[in-house]
Amino acid sequence: MFNAWSQIFKRDLLIAFRRRSEIIHPLIFFVMVVSLFPLAIGDDKVLLQKIAPAIIWVTALLATMLSLDNLFRSDFEDGSLEQMTLLQTPLSFLITAKIVAHWVITGLPLIIITPLLAVLLYLPSELISTLLLTLLLGTPTLSLIGAVGIALTVGLRQGGVILSLLILPLYIPVLIFATLALQNVEQGFSAEAQLAMMLAILVLAITLSPFAIAAALKVSLN
Amino acid sequence: MDKQYSYTAQLKVKKLACWRNSQVLFDDLSLDLLPENVLFLQGENGSGKTSLLRILCGFRLPDEGKITWGNQTIYSNPEYFQNISYVGHKNGIKDELTVEENLNLMRSMATASEIKTEVVLKEIGLFKQADVLTRQLSAGQKRKLALARLMMTNNSFWILDEPFTSLDTASVVFFESLIKKHIARGGMLILTSHHDIDLSGLSVNRLSLTN
């Protein structure tokens with residue numbers, strides 16, 4: 001069971017490595033959109049500082065959604081997904097390998113590059129660690145929730161727009177708690193409550209979404 | 001002589017119906033399949049052959065009817081699905097992996113057979129291409145790789161949907177002999193094909209689906 005999991009995990013990393021260009025697009029999107037704001041707003045340090053957490057979070061959210069598009073598509077189109085449903089290892093467990101691999105490929109680089117963008121937006125340095133922590137807790141949740149939407153729309157020809165309509169509303173709680181945590185720290189309060197809440201949402205997503213994803217994929221296969 | 005399969009049973013399909021877009025593809029379809037038997041599905045395009053095979057694989061749910069394996073319905077019996085080797089229209093191989101990586105992946109996912117990857121590569125004639133990315137193979141070579149799935153696992157129930165599309169004559173002969181070995185070991189097979197397949201010496205049931 002764990003052997004199959006690690007095989008899928010390794011396979012996805014290898015495939016991503018061989019298709020590097022596609023993987024790097026969401027990251028470039030993230031960097032470009034964030035850097036559009038200083039250009040549009042001008043050198044208004046106070047304003048930028050104030051909206052920096054929101055900019056980074058909203059852009060991270062959109063970049064995650066973009067990157068998710070290919071999560072199940074190639075497996076669906078080349079028939080690997082059909083083969084996966086016939087295995088001894090439950091599909092709901094196997095797909096977590098795909099999601100973890102996907103997060104390592106797309107979510108992690110996004111977090112790593114964030115401090116650089118934070119400087120661009122004049123984000124106070126004492127906020128950066130909290131920002132990274134919210135991203136660390138938040139982006140896996142985004143991937144897990146987004147995967148449910150992807151699994152539902154993978155069989156459709158024009159899944160893109162429907163996907164964003166489906167999953168953006170579900171991203172709102174994560175966004176609210178993340179930005180609230182940063183506001184609190186900015187005003188000198190503790191962000192523990194918000195971070196704990198984000199952790200709770202993540203745990204909820206980890207425990208429930210694999211079953212929803214597997215069920216949605218089976219519907220798409222039908 | 002290869003070892004007999006340890007996991008086999010009788011497959012029974014009773015009064016199966018399948019609708020697509022509110023049209024009846026087939027209904028009241030019943031069939032039986034015993035170990036060491038072949039079921040050859042025939043019918044025009046769109047007569048529901050693929051749908052039937054996909055129902056047997058569990059990708060689709062039947063709209064009516066019952067499917068049992070041994071005495072249990074297949075939906076309460078995960079072992080039934082694990083025992084299926086399915087090669088459908090889609091090859092189920094990854095373009096970004098090499099031929100050898102694809103084969104090893106097939107093996108590591110299921111109850112593996114004892115055959116060595118190297119031997120399989122030689123038998124399907126892709127030994128020289130072992131380190132080539134699958135994307136660069138021809139359609140026929142990809143099909144051979146997809147069919148090699150049958151050799152990598154120890155599953156006793158094969159479901160093949162148009163297995164020999166774009167294969168050359170020599171490969172067709174090879175896979176026909178593979179099918180005969182499989183049946184001799186007590187295996188079961190359901191297939192559809194518009195090609196002539198040499199199944200001489202096997203007990204073949206033919207079933208025609210009509211529109």
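Author: B:Ser166 is found in the loop between strand 7 and helix 7 of chain B. In this predicted model, the phi angle of B:Ser166 is near 60°, which is a positive value in a residue other than glycine. Most residues other than glycine have a negative phi. B:Ser166 has 13 C-beta neighbours inside 10 Å and therefore counts as partly exposed; a residue would be exposed with 12 or fewer such neighbours, and buried with 20 or more.

The loop that runs between strand 7 (157-161) and helix 7 (169-184) of chain B also holds B:Glu162. For B:Glu162, phi is near 50°, again a positive value in a residue other than glycine. B:Glu162 counts as partly exposed because 18 C-beta neighbours lie inside 10 Å of it.

Chain B also touches chain A: 21 residues of chain B are in contact with 19 residues of chain A. On the chain A side, helix 1 (2-18) and helix 5 (80-85) each supply at least two residues. Helix 1 of chain A gives the most to this side, with seven residues.

Within chain A, helix 7 (residues 125-153) and helix 8 (residues 159-186) pack at an angle of about 160°, and their axes are 9 Å apart. Helix 7 of chain A is therefore roughly antiparallel to helix 8 of chain A. The crossing of these two helices of chain A is right-handed. The residues of their contact comprise 17 nonpolar, eight polar and one charged.

Terms used. Residues numbered from 1 in each chain as written. Chains lettered and ligands numbered in written order. Predicted model: local features only at pLDDT ≥ 70, side-chain atom pairs only at ≥ 80, totals over all residues. Axes fitted to C-alpha atoms, helices over the stretch in contact; angles between N-to-C directions. Helix = DSSP H or I, 4+ residues; strand = E, 2+ residues; numbered from the N terminus. Parallel < 35°, antiparallel > 145°, perpendicular 65-115°, else oblique. Left-handed = near helix turned anticlockwise from the far one by under 90°. Nonpolar A, V, L, I, M, F, W, Y, C, P; charged D, E, K, R; others polar. Contact = placed C-beta atoms within 7 Å.
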